[in-house]
Amino acid sequence: MNEAQEAAGAAARPEKGTSWLWNKDLAPIPAEKRTWGTYNYAALWVAMSVNIPTYMLASGMIAGGMNWKQAIFTVFLGNVLVLIPMLLNAHAGARYGIPFPVFARSSFGVLGANIPAILRALVACGWFGIQTWIGGEAINTLLAAAVQGWDHPWVCFLLFWLLNLVVVLRGIDTIRFLQGITAPALLVLGLGMLWWAYRKAGGFGPMLSAPSKFKTFGEFFAFFVPSLNGVVAFWATVALNIPDFTRYARGQREQMLGQALGLPTTMTLYSFISVAATSATVVVFGQAIWDPVVVLSRLGSPLAVIVAMIALLLATLNVNVAANVVSPANDFSNLYPRRISFRMGGIITCVLGGLVFQPWRLLANYGNYIYGWLGGYASFLGPIAGVLIADYYIVRKKIILTEDLYDRGTYYEFSGGFNWRAVGALAAGIFVALIGLAVPALRGLYHYAWFVGFGVSFVAYLLLTPRSSH
């Protein structure tokens, strides 16, 4: 397929109103409106990586017993690994200008695509709730520094939830504006925490001198495996829905280079800040404090606490809406494009993530966060990636009939709108990844949930697909 054919295929769509599978938010981006370059994608990853859950991911490893070198290595390796499926899935968005739920129609069918789209959307709802709870904690800490005796975390949680909802209702332009001003604020805040830790602990020597708590390689490996799975799972959501962003790319080179430069480097740098600050809390407070809001609340100066919390609030708001609302809003819109717009999908995300998922339970301790939350949803997202990549690269040879993705009775109708081979392969991957929870002897499968689920679904899909389809 040459460039002219690609452009024509990406621009093709049913006329507005002729298919309920189409709306303007899900329609392909025409070539002339694809303006994102290398810098935009690198900046996107800086904006999304510099956030509090990133901090908690690395600090949780220190709290769990790793030393700083082990934690940084785990973070770096995990992000290099997750970059691979991310770039593979990104290709379709950049070539055809389509978002993730529409891309999934080529593998799962025009109706079957709702299965991976909703699974991915529900995970994003959980992340939305986590970020909203963190933002609420920041507001509570800020007000406690300014108003003596203030301690109303639930009121602050609801206030921050409403603020997120306002941004969603104002639309994508407000999200783009926030990205420009908030990621630098959190990066500066992180560097400030590093400076504070350096001074309080007496330099990098004492700060990074805490040894690993693991006495043998076996003990370390038992913690390393689920931690690595958690790092991969951390961005497994975006590894699926990256077409939502690469559909705006000027070309493949721009999005690939921008992502390769932006993701592993920013995650590793910010994780080092997290690891260093958490290690310093052991020296300063006698225990590893993995929650940065708690660390910042102990700065001592009310003015420093207020400034830090304002920066934290702005950055958390940006990351929350950009990473956890844009994509699930598209996913929910895919359920019924004619009736569910981007804004309506965003409202659904806010309600489910903030009020139904109970994020305070997910953040109760590092075990819930790394083993329960990250490990749990990896069991679903790895298999989805396995099916998508096997279908797009091996079965379809990277060729998609874009116009057929937006109507019934076309090439991607399969059987009643569902490709049951893809659904079966997805189910097989999820089953094998989760079986470790029920069978103690197979617990290792759950610790490798993303990798196991990906591999099983990838192979199962190719085995179930007739050779004539290849």
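**Reading rings and backbone angles**

Colleague: Let me start with one side chain: does Phe217 count as buried or exposed?

Modeller: Phe217 counts as exposed, at 60% relative accessibility. Bear in mind that this is a predicted model.

Colleague: How many aromatic pairs are there, and how do I read one?

Modeller: The general idea is that two numbers describe a pair of aromatic rings: the distance of the centres and the angle of the planes. Here the count comes to 29 aromatic pairs. Take Phe217 and Phe220: their centres are 6.2 Å apart with 50° between the planes, a tilted pair.

Colleague: Where do Phe217 and Phe220 sit relative to each other in helix 10?

Modeller: About one helical turn separates them, because they are 3 residues apart in helix 10 (residues 217-234). Phe220 is buried, at 13% relative accessible area, whereas Phe217 is exposed.

Colleague: Which kind of pair do Trp450 and Phe451 make?

Modeller: Their ring centres are 5.6 Å apart and the planes meet at 85°, so that pair is edge-to-face; the cut-off for that label is over 60 degrees. Trp450 is buried, with 6% relative accessible area, and Phe451 is partly exposed at 28%.

Colleague: Back to the Phe217 side. Which residues do ring pairs link into a cluster?

Modeller: The cluster consists of Phe73, Phe214, Phe217, Phe220, Phe221, Phe223 and Phe224.

Colleague: What sits over the ring of Tyr406?

Modeller: That would be the charged end of Arg105, 5.6 Å from the ring centre.

Colleague: Now the backbone. What is the phi of Lys397?

Modeller: First the background: most residues other than glycine have a negative phi. Lys397 has a positive value, near 55°. Phe414 also has a positive phi, near 50°.

Colleague: Where does Lys397 lie?

Modeller: Look in the loop between helix 19 (366-395) and helix 20 (420-438). Phe414 has its place in the loop between helix 19 and helix 20 too. Lys397 is partly exposed at 49% relative accessible area, and Phe414 is partly exposed at 33%.

Colleague: One last stop, Leu355. Which residues does it touch, leaving aside those up to four places away in sequence?

Modeller: Leu158, Trp161 and Cys350. Leu355 and Leu158 are 197 residues apart along the chain, with 9.2 Å between their C-alpha atoms. Leu355 belongs to helix 17 (residues 342-356) and is partly exposed, at 42% relative accessibility.

Definitions and conventions: Residues numbered from 1 in each chain as written. Predicted model: local features only at pLDDT ≥ 70, side-chain atom pairs only at ≥ 80, totals over all residues. Heavy atoms only, no water. Phe/Tyr/Trp six-rings, centres within 6.5 Å; stacked < 30°, edge-to-face > 60°. Helix = DSSP H or I, 4+ residues; strand = E, 2+ residues; numbered from the N terminus. Buried < 20%, exposed > 50% of the residue type's maximum accessible area, 1.4 Å probe, protein only. Lys NZ or Arg CZ within 6 Å of the ring centre and 35° of its normal. Contact = heavy atoms within 4.5 Å.
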